[in-house]
Amino acid sequence: MMKSIKLYLSTLIMASIVLASCDKEQTSLSITSFSPIKAGRGDTLTIIGKNFSIIADRNIVTLNNVPVVVESASSTEIKIIVPKNKNCSGAVRVTVANETVVIDEQFTYLLTLTITTLAGGNREGGFADGIGEKAQFDWPQGVAVDASGNVFVADLRNNCIRKITPEGEVSTFAGNGTEIGGFADGMGVYARFRWPYGLAVDASGNVLVADYYNHRIRKITPEGEVCTFAGSGTQGFADGMGISAQFNGPSGLTIDEAGNVYVADRDNNRIRKISPKGSVGTLAGSGALGYSDGISTVAKFQQPEGVAVDVFGNVYVADSNNARIRKISTEGMVSTFAGSGTQGYLDGVGSVAKFHYPRDIIIDASNNLYVADYYNNCIRKITPEREVSTFAGRVEDFFDYEFIYSRFEGASSVAIDSFGNMYVADARKNRICKVAME
């Protein structure tokens with residue numbers, strides 16, 4: 001009798017263990033898949049699995065630890081909305097009650113490009129300070145951004161330099177906004193420019209200006225005091241110290257980490273280099289109008305307008321009338337980095353690609369080049385492998401005069417802030433655009 005009881009109890013215990021095991025398996029939370037594996041903000045992501053809560057908000061879902069909104073749920077499926085957050089790439093995690101499960105496959109967040117108007121937008125042009133679209137510009141050319149996110153604009157026909165705060169408030173930083181122009185150093189509105197073209201901001205917050213028709217490089221302190229950094233004001237060509245040097249229509253500027261200033265001396269068909277102390281030399285270009293690669297003094301350019309320098313010291317040139325992007329190595333050798341030499345529009349690798357009057361150029365933290373392709377009304381991207389693609393804007397938009405925010409009409413200059421936001425001088429629409437990847 002006792003043996004039978006023990007056998008019965010043993011069988012009962014084993015059955016209880018099996019049932020408990022089965023019950024645990026039935027209530028175990030799991031993710032088997034999700035789709036799509038790549039998505040951008042606002043997209044719907046579907047997670048497939050077992051034992052989700054049928055009450056949507058009892059399913060806690062994160063993408064790389066970023067909380068997301070659960071749109072709907074059943075015991076086997078959860079639908080979520082991908083939030084606007086660059087940090088979403090990573091693990092997909094679901095928590096129900098006290099149980100959490102993570103799937104091995106990683107989610108990839110796709111950045112979405114958005115173009116908005118930061119300031120300006122009066123097609124007729126004008127001169128007015130103010131916030132956002134209440135401000136007016138007249139043919140903005142150069143843009144540059146400082147460490148605080150302030151955007152500076154070379155307002156060409158107004159012959160002044162404007163400042164836009166991150167909130168979109170526009171003020172006149174230097175010059176007085178007259179169409180006549182002139183030359184005078186001095187404080188703020190008492191200074192005079194004549195077709196200010198390219199801009200660059202140095203590590204101390206000084207703004208450097210390529211003053212095209214004054215044939216000078218001007219310097220504006222953070223307090224707004226304007227002085228002449230280099231150039232005599234006489235149209236011509238001469239290397240030398242400070243104001244003894246001569247330029248002929250300087251257009252583009254950039255500054256390297258050591259404080260050297262590089263100038264696209266447009267009508268001299270040369271690239272000039274200015275030391276931090278103001279000594280002007282010629283980096284590349286024979287001065288003859290044309291096209292040829294080779295050692296710096298032999299190479300030829302045809303009205304170069306934009307320059308940029310990478311972390312290795314290589315200088316890139318928007319060689320506008322040659323429809324090419326040129327590269328000057330640290331050894332002084334000039335080569336063609338991208339562009340066929342025929343004005344047109346075509347994405348592709350290296351010399352296969354076509355540009356239509358590339359006017360400005362900038363380099364990002366990953367060593368990608370961005371080109372303001374003026375007559376193609378777009379920003380082109382060139383990878384370190386020389387792959388050219390269209391980053392923002394479309395070539396056909398030049399012929400569409402509807403006022404649509406996502407379109408450029410004469411992309412003349414480009415700048416990038418420390419967060420990776422891009423700013424474009426949209427000359428024909430008299431506005432400054434912000435291009436964000438979100």
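The secondary structure of the chain comprises 1 helix and 38 strands. The model is predicted. A compact globule of 438 residues would have a radius of gyration near 22 Å. The chain has 29 Å. Along the principal axes, the C-alpha atoms fill a box of roughly 120 × 50 × 45 Å.

Of the 438 residues in the chain, 52% are buried. The chain exposes about 19400 Å². Carbon and sulfur atoms supply 53% of that area. Contacts were also sorted by sequence separation. Among contacts in the chain with a separation of 6 or more, 46% are between residues 24 or more positions apart.

For β12, 4 bridges join the strand to β13 (residues 151–155). These two strands run antiparallel. Within this pairing, Ala144 has Phe152 of β13 as its bridge partner.

Two asparagines in loops were then considered. Asn269 is found in the loop between β23 (261–265) and β24 (270–274). Its relative accessibility is 5%. Buried means under 20%, so Asn269 counts as buried. The side chain of Asn269 places a polar atom 2.9 Å from the backbone nitrogen of Gln303. Gln303 is also among the residues that Asn269 touches, when those up to four places away in sequence are not counted.

Asn314 lies in the loop between β27 (304–309) and β28 (315–319). Asn314 has 12% relative accessibility and therefore counts as buried. Leaving aside neighbours within four places in sequence, Asn314 is in contact with two groups of residues. Ala308 and Val309 are among its partners, and both numbers fall in the range of β27 (304–309). Lys327, Ile328, Ser329 and Thr330 are also in contact with Asn314. Tyr370 is 56 residues from Asn314 in sequence. In space, Asn314 and Tyr370 are 15 Å apart, C-alpha to C-alpha.

Definitions and conventions:
Residues numbered from 1 in each chain as written. Predicted model: local features only at pLDDT ≥ 70, side-chain atom pairs only at ≥ 80, totals over all residues. Heavy atoms only, no water. Buried < 20%, exposed > 50% of the residue type's maximum accessible area, 1.4 Å probe, protein only. Contact = heavy atoms within 4.5 Å. Polar contact = N/O pair within 3.5 Å; in protein donor to acceptor, adjacent residues only side chain to side chain. Pairing = 2+ DSSP bridges. Rg over C-alpha atoms; globule rule 2.2 N^0.38 Å. Areas by Shrake-Rupley, 256 points an atom, 1.4 Å probe, with all protein chains shown as cover.
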